[in-house]
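Reader: I'd like to learn how to read a model like this one. Could you walk me through it, feature by feature?

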Amino acid sequence: MSDAVLTHGAHAPASTRLQHHFDTMAQQKEAVTLGMWVFLVTEIMFFGGMFAAYLIYRMWYYQGFVAASRELDLVLGGINTVVLIGSSLTVALGVHAAQTGKKQQTVNYLLLTGVLGLAFLVIKYFEYSSKFDLHAAHHGASMIRLFPGAGIFEVTGEYAGIASQMRIFMVLYFALTGMHALHMIIGIGILAVITRMAMKGEFTPHWYAPVEIFGLYWHFVDIVWIFLFPLLYLVNRHG
Amino acid sequence: MNSRMDAHAHHADLGHEHVTPLGVYFGIFGALMALTAITVGVAWVNLGSLNILVALGVALVKASLVVLYFMHLKYSSKLTWIVVASGLFWMMILFGITMADYLTRGWMISPTILH
């Protein structure tokens with residue numbers, strides 16, 4: 001069993017990071033990566049169920065979905081899309097820096113990823129809070145308050161007839177973006193731990209699996225948003 | 001462990017079997033930004049029922065770019081490919097069978113309580 005460890009004793013950092021049940025670092029990395037992908041596949045199914053619900057209700061209540069979608073802030077949603085894809089770039093660059101043994105760069109890119117992640121959540125907070133306010137709808141004189149809670153949700157005027165449909169959209173909006181935001185909050189927590197490890201200089205080109213694995217998670221969260229953005233903010237902006 | 005295997009293991013042991021050039025990352029980021037602009041622009045054009053297909057198509061291309069290059073699937077083992085493909089396959093079952101049901105039942109109207 002310890003053949004590999006003994007043989008590669010010269011590579012001290014690699015060997016100390018090699019768990020006893022693996023023969024080589026490459027085998028260990030393969031297993032770690034595969035395990036993360038298996039988890040991400042379960043995440044695909046988790047979000048997939050909500051996306052399926054969205055598609056069915058969108059077919060049934062298209063009119064309400066169009067009206068409610070137009071009430072979402074496209075500018076803030078668009079900025080968040082750029083912020084999140086930007087954070088995917090910085091985490092990819094962080095993995096690259098770890099791969100090539102650039103410690104300070106790794107730390108910097110991970111910190112930048114955290115800043116972008118927090119920026120996303122702050123923007124999301126302002127978007128969420130505006131849904132609690134009573135305000136005029138974009139078209140006509142309707143007054144709307146879009147948080148779908150009891151005694152809070154309110155739609156009057158020309159949209160009153162499709163109020164219940166709009167409410168379904170807003171339930172899905174908060175469920176989908178809420179679960180997405182929860183994933184980001186968890187991700188930022190994990191990121192803090194990994195950034196601390198990077199600051200301590202624990203990563204080398206031989207072993208940087210936590211950075212790589214965190215990157216996979218963060219990119220997945222980015223992909224969820226890549227689908228959420230057009231489906232929620234861009235149901236129908238023409239006509 | 002014989003010496004040939006050991007030499008192979010030693011080589012692979014270095015762990016950096018593939019380092020993506022930085023230019024690829026920036027290129028993919030540029031492509032993702034361009035595709036985001038396209039998906040926003042298309043939403044303002046009336047394509048009828050094609051709108052959602054274009055939106056989902058663009059999102060699929062963006063997701064593929066992220067998976068292949070940012071998540072390094074392009075350089076991952078076949079086993080990883082199989083796991084990813086099985087995930088997509090199961091998701092197709094989820095969507096395919098659900099939609100085959102809802103889209104083909106002409107007699108099943110939407111709950112009318114919501115107009």
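Author: Let's start with one residue: A:Gly117 sits in helix H6 (residues 103-130) of chain A. Helices here are DSSP runs of H or I with at least four residues, strands are E runs of at least two, and both are numbered from the N terminus. This is a predicted model, where local features need pLDDT of at least 70, side-chain atom pairs count only at pLDDT 80 or more, and totals for chains, interfaces and linings use all residues. Residues are numbered from 1 along each chain as its sequence is written, while chains are lettered from A and ligands numbered from 1 in the order in which they are written.

Reader: Is A:Gly117 buried or exposed, and why?

Author: The idea is to count C-beta atoms, placed from the backbone, within 10 Å of the residue's own: 20 or more others means buried, 12 or fewer exposed, and in between partly exposed. A:Gly117 has 22 such neighbours, so it counts as buried.

Reader: Which residues is A:Gly117 in contact with, leaving aside neighbours within four places in sequence?

Author: A contact means two C-beta atoms, placed from the backbone, within 7 Å. By that rule A:Gly117 touches A:Ser87, A:Met184, A:Gly187 and A:Ile188. A:Ile162, on the other hand, is 45 residues from A:Gly117 in sequence and 35 Å away in space, C-alpha to C-alpha.

Reader: What about the strands of chain A: how are they paired?

Author: Strands of a sheet pair through backbone hydrogen bonds, either parallel or antiparallel. To count as a pair, two strands need at least two DSSP bridges between them. In chain A, three strands make an open antiparallel sheet in the order E1-E2-E3. Strand E1 (135-136) and strand E3 (154-155) of chain A are at the edges with a single partner strand each, so one side of each has no neighbour in the sheet. E1(A) and strand E2 (residues 143-145) of chain A are joined by two bridges, and A:His135 lies opposite A:Ile144 in E2(A).

Reader: And how many helices does each chain have?

Author: Chain A has eight helices along with its three strands, whereas chain B has four helices and zero strands.

Reader: How many residues does each chain bring to the contact between them?

Author: Chain B gives 48 residues and chain A gives 55. On the chain B side, H4(B) supplies the largest share, twelve residues.
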